[in-house]
Amino acid sequence: MGTTADRFKAAVEAQELDAVEELFTEDVRFYSPVKFTPFEGRPMVLGLFGVLLRTFENFRYVGELTGSAQTAAGPDGGSADSTVLIFRATVNGKEIHGIDLLQFDEAGRIKEFTVMVRPQSAVHALGEAVLEGLIDAGLVAQE
């Protein structure tokens, strides 16, 4: 069956959103490179993942690192088992290099998810594409 990270990678690469759902805690937090505050809660994060799966082209994981890291939530920022997944993708013709930092609760489910991407032009292209997808999906209001 593999680790949560293995199951997550397989689900994302196969674009199986239903398989991703069970891997998140109810109160999962998703830290995006294009939004200062996190997306919070399983329904919102799953909606965001649906948009991301439609936005990325040629998405693939190319590496993995495991260990532990301090979490962003809570005043003490406790440490959690963590996996960094290194990826490559294209958005609107821009090549993106990035990492997904998955942090797990005691049961092995993903409680925090942080994405970092480069270069800046790709961050901009990703932000525009994701915002458009979130508006189209009815997950955020158009400004």
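Q: In this predicted model, how many bridges join strand S4 to strand S5?
A: Strand S4 covers residues 79-91 and strand S5 covers residues 94-104. The two strands run antiparallel, and Val84 has Leu101 of S5 as its bridge partner. The number of bridges that join S4 to S5 is 10.

Q: Which residue in the turn of the S4 and S5 hairpin has a positive phi?
A: S4 and S5 form a hairpin with 2 residues between them. A positive phi of about 50 degrees occurs in this turn, at Asn92.

Q: Which residue takes a positive phi in the hairpin of S5 and S6?
A: S5 pairs with strand S6 (residues 110-118) in the antiparallel sense over 8 bridges, and Leu102 has Phe113 of S6 as its bridge partner. The hairpin has 5 residues between the strands. The residue with a positive phi, near 90 degrees, is Gly108.

Q: Which strands are the edge strands of the sheet?
A: The open sheet consists of 6 strands with mixed pairing, in the order S2-S1-S6-S5-S4-S3. An edge strand here pairs on one side only. That description applies to strand S2 (39-40) and strand S3 (57-70).

Q: What residue stands opposite Gln70?
A: S3 and S4 run antiparallel and are joined by 11 bridges. Gln70 stands opposite a residue of S4, namely Ser79.

Q: What angle does the direction of helix H1 make with that of S3?
A: Helix H1 (residues 4-13) packs on the sheet and touches S1, S3, S4, S5 and S6. Its direction, compared with that of S3, gives an angle of about 165 degrees.

Q: Are helices H3 and H4 parallel, antiparallel, perpendicular or oblique to each other?
A: H3 (residues 42-55) packs with H4 (residues 120-136) at an angle of about 125 degrees, their axes being 9 Å apart. Angles of 65 to 115 degrees count as roughly perpendicular and those over 145 as roughly antiparallel. The relation of H3 to H4 is therefore oblique.

Q: How many nonpolar residues does the contact of H3 with H4 have?
A: H3 passes H4 in a right-handed crossing. H3 contributes Leu48, Val51, Leu52 and Thr55 to the contact, and H4 contributes Leu126, Ala129, Val130, Gly133 and Leu134. By class, there are no charged residues and 2 polar ones, while the nonpolar residues number 7.

Q: Which residue forms a salt bridge with Arg42?
A: The closest N and O atoms of the pair are 2.8 Å apart, and a salt bridge requires such atoms within 4 Å. Arg42 lies in helix H3, and its partner lies in strand S1 (residues 24-31), 16 residues apart in the chain. That partner is Glu26.

Definitions and conventions:
Residues numbered from 1 in each chain as written. Predicted model: local features only at pLDDT ≥ 70, side-chain atom pairs only at ≥ 80, totals over all residues. Heavy atoms only, no water. Axes fitted to C-alpha atoms, helices over the stretch in contact; angles between N-to-C directions. Helix = DSSP H or I, 4+ residues; strand = E, 2+ residues; numbered from the N terminus. Parallel < 35°, antiparallel > 145°, perpendicular 65-115°, else oblique. Left-handed = near helix turned anticlockwise from the far one by under 90°. Contact = heavy atoms within 4.5 Å. Nonpolar A, V, L, I, M, F, W, Y, C, P; charged D, E, K, R; others polar. Pairing = 2+ DSSP bridges. Salt bridge = Lys/Arg side-chain N within 4 Å of Asp/Glu carboxyl O.
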